[in-house]
Amino acid sequence: MDSFKTLKPFFIEHKWTYVLGILCLLVVDLLQLLIPEVLRSVTNNLERNLLTFDGLLIYAFYILLIGLGLAVFRFFWRILILGASRKLEYHLRNKLFLHLLNMSTTYYNRHKTGDLMAHVTNDIHAVRMACGPGIVAMTDAIFLNIAVIVMMSFTTDLRLTALALLPMPLLIFSMTKFGKLIHIGFKEVQESFADVTDKVQENISGIRVVKSFAQEESEIKGFEEKNEMLFQKNMRLAKIFGTFHPLVQFLSALSFVITIGYGGTLVIYGTISLGDFVAFTTYLALLVSSISVIGWVINVMQRGMASMDRIDIILKEQPEIKDTPYSKNLIDIKGDIIFNGVSFKHPKSSEYALKDISFHLPSGQSLGIIGRTGSGKTTIPHLLLRIYNTIEGSISIDDTSIEEIQLKSLRENIGFVDQDSILFSTTIKDNIGFGVDTYTMEEVEKFSRIADIHENIMDFPNKYETTVGERGITLSGGQKQRISIARALIKNPKILILDDCLSAVDTNTEEKILYELKKEMKHKTTIIVAHRVSTIKNCDKIIVLDHGTIIEEGTHQELLDFNGLYADIYEKQLLEEKIYN
Ligand SMILES: Nc1ncnc2c1ncn2[C@@H]1O[C@H](COP(=O)(O)OP(=O)(O)OP(=O)(O)O)[C@@H](O)[C@H]1O
Ligand SMILES: [Mg+2]
């Protein structure tokens, strides 16, 4: 039961809920046991002609009372036990989400989104099933079955009980065997279903690519194959069910055959009364229905434990990048950045993404980074933000190594505009205010103006309240980039990093934005990553990256005079501009 260790505190906290719930469940079971007894008495009295009309009414009243009791106590155990399992599910889901958000980015390079989604949905569901319906059925299976067998043997006939129970082990065996087959079948259906939905989702979100490449036919063919697979899996499951149900019914019918044959004979010989016979068959019906649950309970419990183990593995994993007790909270940083002999290699990658990078960016100055695609530009801000840990060398801000700074304090002081400009499916206003706790509408507008997106936003139907993303409007690449810039600026960061986030705007707009930014970032540190020389030419210092190393550095003019890669890029871009303008 190692798998339930994580849940122990929850069970201890809610022990009275479970105890009370199980008590209600036991009351329900006891009440169920009363029904055969009432029937026994009624039949015996009818047979002996002892019943008047009034007497019959009293029996009817008993049954009604039992029915009422069953309803009330069933309601309470459902609320108590199933309610507790829902609460458990709620806590587990929160815990897992919190844990996942605290994991480092490298964790997500190692795990597929689909797998993590499966843990958050299927595994939590399996744990809830074990801790709710599983516990209920287990209590029933243990208590009700034993009680029924005891009642059958003591109130009717021991030999009849023993004979009627003969097919039961076979019933339990086939339930467990089939339970496994059904589980495997279900899993295959689910996986196949996920394939089908993935395909639909991919095609719908990528519909433009599918159409522009005229790939409808081949996509439909691919879909049909997956759909066919799902159909086959469903049919297999239907066949398993098709064999399973009749088999169970046949085996339980055997018990009734024995009861009618042998029990009937006992009635004829007068060994047991007709009432005993009726009560016995009612007990048997109760037994058959609750024994059939045993196989299910075993499977649900096993599945719950396996799922809990999987969730535990995730919960036990520590984020690779985290604070130590000595991490400092930098409150008023100046933004003086030093990279000293920094080298970095992505996990599993054999090549260095950065090699021996050293530079000093004094507070209040700007640094431009340029270089071919894949040359390591983005890796520099990623290391500064500690999205990855530096492997060799050191990075410091205001003479404090970034490894000694609290992650929250480090990242709060840096405004990072990511290359991908990812926005969330909410309003533009909320997207811009994403990184700060409180903000005013004036601030939102001010920074939108600096990012030259205010006018655009005012043209949208609901202005700043317009929802973006799948449920809202689709923004152009340049609009997304500029909203991301406003989102970084509103944090009022001491260090601002723009990673290739002016690539989708025209050079005139770029010039406007850079001019406004320069005013805003007057006493702050700025790093601008770009492919275009025009974006970075006014930076205080520029470094040119190639295959992860700095091959040239200096001001725009110095680099042009050097006549190396930078000058080469510049000339080509000048030429392009001449051709297109
Ligand atoms: N998660 C990752 N795992 C393995 N290798 C990676 C990963 N991310 C980037 N790389 C590799 O690291 C190198 C540097 O990547 P980086 O993103 O810094 O380049 P870049 O200069 O920003 O390129 P671009 O101009 O296209 O944005 C590349 O060779 C890239 O393939
Ligand atoms: Mg990049």
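This is a predicted model: local features need pLDDT of at least 70, side-chain atom pairs count only at pLDDT 80 or more; totals for chains, interfaces and linings use all residues.
Residues are numbered from 1 along each chain as its sequence is written, and chains are lettered from A and ligands numbered from 1 in the order in which they are written.

The protein chain holds 20 helices and 10 strands, these being DSSP runs numbered from the N terminus, with helices (H or I) of at least four residues and strands (E) of at least two. Its radius of gyration, taken over C-alpha atoms, is 36 Å, well over the 25 Å that the globule rule (2.2 Å times the number of residues to the power 0.38) gives for 581 residues, so the chain is more spread out than a compact globule. Along its principal axes, the C-alpha trace spans about 120 × 55 × 50 Å.

Turning to the sheet, we find 6 strands in the order E6-E7-E8-E3-E9-E10, forming an open sheet with mixed pairing, where two strands pair if DSSP finds at least two bridges between them. Strands E6 (414-417) and E10 (549-554) stand at the edges with a single partner strand each, so one side of each is left without a neighbour in the sheet. Within this sheet, strand E3 (residues 366-371) pairs with strand E9 (residues 541-546) in the parallel sense over 5 bridges, and Leu367 stands opposite Lys541 in E9.

Next, two loop residues. Most residues other than glycine have a negative phi. Asp398, however, in the loop between strand E4 (392-397) and strand E5 (400-401), has a positive phi near 50 degrees. Ser421, in the loop between E6 and helix H13 (428-432), also has a positive phi, of about 45 degrees. Are these residues buried or exposed? Ser421 counts as buried, with 22 C-beta neighbours inside 10 Å, whereas Asp398 is partly exposed, with 16 other C-beta atoms within 10 Å; the cut-offs are 20 or more for buried, 12 or fewer for exposed, and partly exposed in between, with C-beta atoms placed from the backbone.

Finally, ligand 1 is surrounded by 14 residues, the closest being His346, Thr373, Lys377, Thr378 and Thr379, where a residue is near if its C-beta atom, placed from the backbone, lies within 6 Å.
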